[in-house]
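Biologist: I would like to learn how to read packing and pairing in a model such as this one. Could we go through it feature by feature?

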Amino acid sequence: MSKPGIDGHWRGGVVVSRGLRDAGMEVIFGGFQNVEQIVESAISEDVDVIGLSMHSGAHLAYTERVINLLKEKGVKDHFLILVGGVIPVMDFPTLKEMGVANVYGPGTVVADITKFIVENIKK
Amino acid sequence: MKRNYDIDVLIEKFKKKDKIALARLITLVENNPETTTNIFNNFDSSENDSYIIGITGSPGVGKSTLVNAFSKILLENGKSIGIISVDPTSPFTGGAFLGDRVRMTDISLHPNIFIRSLASRGYKGGISRAVFDISLLYEAFGMDFIIIETVGVGQSEFDIYNLAYTTIVIMVPGYGDSIQIQKAGIIEVGDIYVVNKKDLGGEDIVVQMEMMLDDATVQSGWRAPVVMTNSITGEGVDKLIEKILYHKEHLELSELLKEKKKHRFAYKIEELLSSKIGKVLESLISEDDLNKISNSVLQGKKFKIYDMVHDLFSNVKFEMKKSD
Amino acid sequence: MFDENYLQKIKERKQEWDKKFENTKEREIKFITDSGIPIKNLYTPLDVKSNYLENVGFPGNTPYTRGVYPNMYRGRLWTMRLFSGHGTPEATNKRWKFLYSHGETGFSAAVDALTFNGIDPTNPDGDAEVGTSGVPLYCIDSMFALTEGLPIDKVSVALIVEPFTSAPVCAMYYNMAKMRGLDIKALMGTTQNDILTMTVGYVPYKNVNPYHILRLACDLIEWCVPQKNVPRWHPINFTGYNYREGGIDAIQELGFVFASACSHIDNLIERGWKVDDFVSRLAFHLSAHKDFFEEIAKYRAARRIWHKLIKDRYEAKNPRSMEFRFHVQTAGSSLTAQSPNVNIVRTTIQALEAALGGVQSLHTNSYDEAICLPSEEAVLLALRTQQVIQDETRVPNTIDPLAGSYFIEWLTDELEERVLSYIDKIEKVGNIARALDTGWLYKEMRDAFMRRQNRIEKGEEIVLGVNKFPVPYDQTTTVFRTNKEAVKIEQERIINLRKRRDNTKLETLFDKLRKVCEKEENVMPIMMEITKEGATVGEICDIYREVWGIWEPPIAI
């Protein structure tokens, strides 16, 4: 779980991380990370899911940069990518086209995220 | 999602120093212990020997920040580092929240460093199994230093002591100083003690620590030093590195390093043995048998618990035999 | 407040009524305020503990329960100040002009995340956030663009920054005003300069330790007020609003606000100033949240507590020092992305709380703010909401109209008592910087947030459209987009500035700043010099980081 950029609204990312932990997952919380750091962590930790939490209105730019770097490293398909935060519904399709598996806007219930992850992680 | 964990392919890439391959091999040894033999067979034991540093201390004392600060200096000196950062798994849900990376973003992109977070996952014998295996992988990868960082709670402190060559115990001034010191005195695992966050004072705890260490019996000829640091400004961090290197030299000169290494492997061997024996036992005794015992205990036979366990083996014949 | 015999009579009648009530049915909910104070079924004169002259009094008289001015809205209505900033200083200037032409009476610049974290747009860490959540104000040129063509000598301006960057941003603003030929001694405005805003409501990006931030905030106060450089400016407003948004309740909001204020006052007293030299220019920024009566009682209690603190603890002599002046913002966290139109109703009710509570300046949220920065249409509606209350409802016709309500007076007393004991609890940990550095405040915030979250999940706290009559998160409003070109425009602005300015001279000035930071000297004089020469906020903050190191907040996760 990571917060790309410098926006300090951590609450959402923390609440979701705690929820996923309580559902029995191991959550690596990265806090503020730039795009290179997010990709490095995902690779080194060999995670199943990359979660990007954004509340700054810069979600399209950061998500695109993360996905491009994953592609450049040839590892994009290794991960399930989820985006959450203050994301307008009209941006959901754009994010999904970029390769995001699912998007979670305001009012999301953590149980829905858990369910989606469990259903979509295949080893 | 397409996930590729073909061992042969990964080993080939690993030998070319590919970090993606290292990451995935770690996943394999962590999640599928049965693949470990196969993976380790690809390495030659004459390969690199890393120097292993263990760091422990209560939550919030600034372990990760300190690791970040002194790794930076080691990196500047051209050293390569593998970090294993352990956080506890919740015994109730099996989940874990691993937050150490928040403090290590600074160094995470350096080409000579590799950071891996590890949940303790309630392994029998503490954190040692996965940590040991990952440390072997780091050695094969050619790391100069391995740093194992763990919350100083319960078993993990002793695990660190058994796995690392230099063990560092970190404390902060201000909160429950006497308890921290007593605890340090009881565990006696530290080769170096650090009092972190200098701006809040801390001279008192240093003096008390020094007194305690003077009283402690020093069997190895090493009197653990106490270093004051401020992991945010970096103050005192070079002093800490100096002490680590000094301890390393002390171990090397006194041949104690060999002892430490022997200890590290002996500890692992013991753990492998008991896990093997455990498996044998599991194959002999069914879960049903165990349930029967616990039920009888609850129905008023608590004083018969020794007998009942003993009886389980009454019809088991042990025959130890080495095949030729 | 009542005659003993008469009270006895009321008591007897009340007992009769109680019997009657016992035979009726009550809804099965907890009757408590948002902060958990149990609420009785009925309030009567028996509940009023306060003595009118001593605890309530007259507006403009101590203890100011009924307001800080004798005439309140009969004289001057509250300032309608809409927090705005987006894209570029030019775009924000256009928005300000739009609002001014529609009757706004105060300006407020919400800066973007790069400005308040001291990051230049040329730094790739945050470049995608240039102008996305506020106005970028990275150098003195931006200040000219922001205020171009606006009467900043007549209308007050709020600079919504953080103490980490308040010194350079204010210095840029004052330099700009001077260069426009204005006398900064007459300049009116407010700086959001509260250490807690950034560190409790929000996680700071590469800031320095709170001890240094407290010093920076106090440097600005000292230079503006007791040293009389910008004496009519409010160099700080204690921003309970921001931490309230993080999930705490009304009692904690006031507790944090006053504990923070006391830490700043103590710092200035240590510098040798008397409390009457500066306290009258300290301002406050509170929230108008969901619990209608509790919020109104909160404003009344706040005035009384401030009076008490300044008079008793600091032994101030000047009554003006004891006046609690405040700005209110309606609660952004009460808005929902689902059915955004309902937000107009929420905001209207919250704005009324502020009006009934005797606010000096008010921001009303736009209905689309749960998903984006406000569009022109939405912000105009937010302004009109205030204008309806001011011009159509006749609410401002009399002063403190709810005083004397048995319930309101009881609740005011109750809040006062609970806030005072919460302040004690905070001060047991130490001053505000220490409460932050030890992580205590983070834990307090985290726990409050989790409690609220839990109540919402259990349905004990109702959020329409979310846990009652839920509607899917669906687009029912258009999304306002900030200018995508803002990054390029701001990068160019900085690049041009760097070409134009005297870089050798600046190097010497940077060295001087380094030395001032290392010593305990006020940073403002050098800040005025350095920003005039074209230093950017990012460059200045990099020197802070270099001298003091980057602080890792002990966030409770």
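Modeller: Let us start with handedness: a crossing is left-handed if the near helix is turned anticlockwise from the far one by less than a right angle, and right-handed if clockwise. H1(A) passes H17(C) in a right-handed crossing. This is a predicted model, in which local features need pLDDT of at least 70 and side-chain atom pairs count only at pLDDT 80 or more, while totals for chains, interfaces and linings use all residues. Residues are numbered from 1 along each chain as its sequence is written, chains are lettered from A and ligands numbered from 1 in the order in which they are written, and side-chain values use heavy atoms, with hydrogens and water left out.

Biologist: At what angle do H1(A) and H17(C) pack, and which residues meet?

Modeller: Two packed helices are described by the angle between their axes and the distance between the axes. Helix H1 (residues 11–22) of chain A and helix H17 (residues 440–458) of chain C pack at about 70°, with axes 12 Å apart, the axes being lines fitted to C-alpha atoms, for helices over the stretch in contact, and the angles running from 0 to 180 degrees between N-to-C directions. H1(A) and H17(C) are therefore roughly perpendicular (65 to 115 degrees; under 35 is roughly parallel, over 145 roughly antiparallel, the rest oblique). A:Arg11, A:Val15 and A:Arg18 meet C:Met445, C:Arg446, C:Phe449 and C:Met450, where contact means heavy atoms within 4.5 Å.

Biologist: In what order do the strands of the open sheet in chain B lie?

Modeller: The order of its seven strands is E4-E2-E5-E1-E6-E7-E8, with parallel pairing; two strands pair if DSSP finds at least two bridges between them, and strands (E, at least two residues) and helices (H or I, at least four) are DSSP runs, numbered from the N terminus. The edge strands, E4 (113–119) and E8 (226–229), each pair on one side only. Five bridges join E1 (residues 51–57) to E6 (residues 166–171) of chain B, and B:Gly54 has B:Thr167 as its bridge partner in E6(B).

Biologist: How many aromatic pairs does the structure hold?

Modeller: A pair of aromatic rings is described by the distance of the centres and the angle of the planes. The structure holds 37 aromatic pairs over all chains, where rings of Phe, Tyr and Trp (its six-membered ring) pair if their centres lie within 6.5 Å. B:Phe14 and B:Phe43 have ring centres 5.2 Å apart and planes at 45°, so the pair is tilted (planes under 30 degrees apart count as stacked, over 60 as edge-to-face and the rest as tilted).
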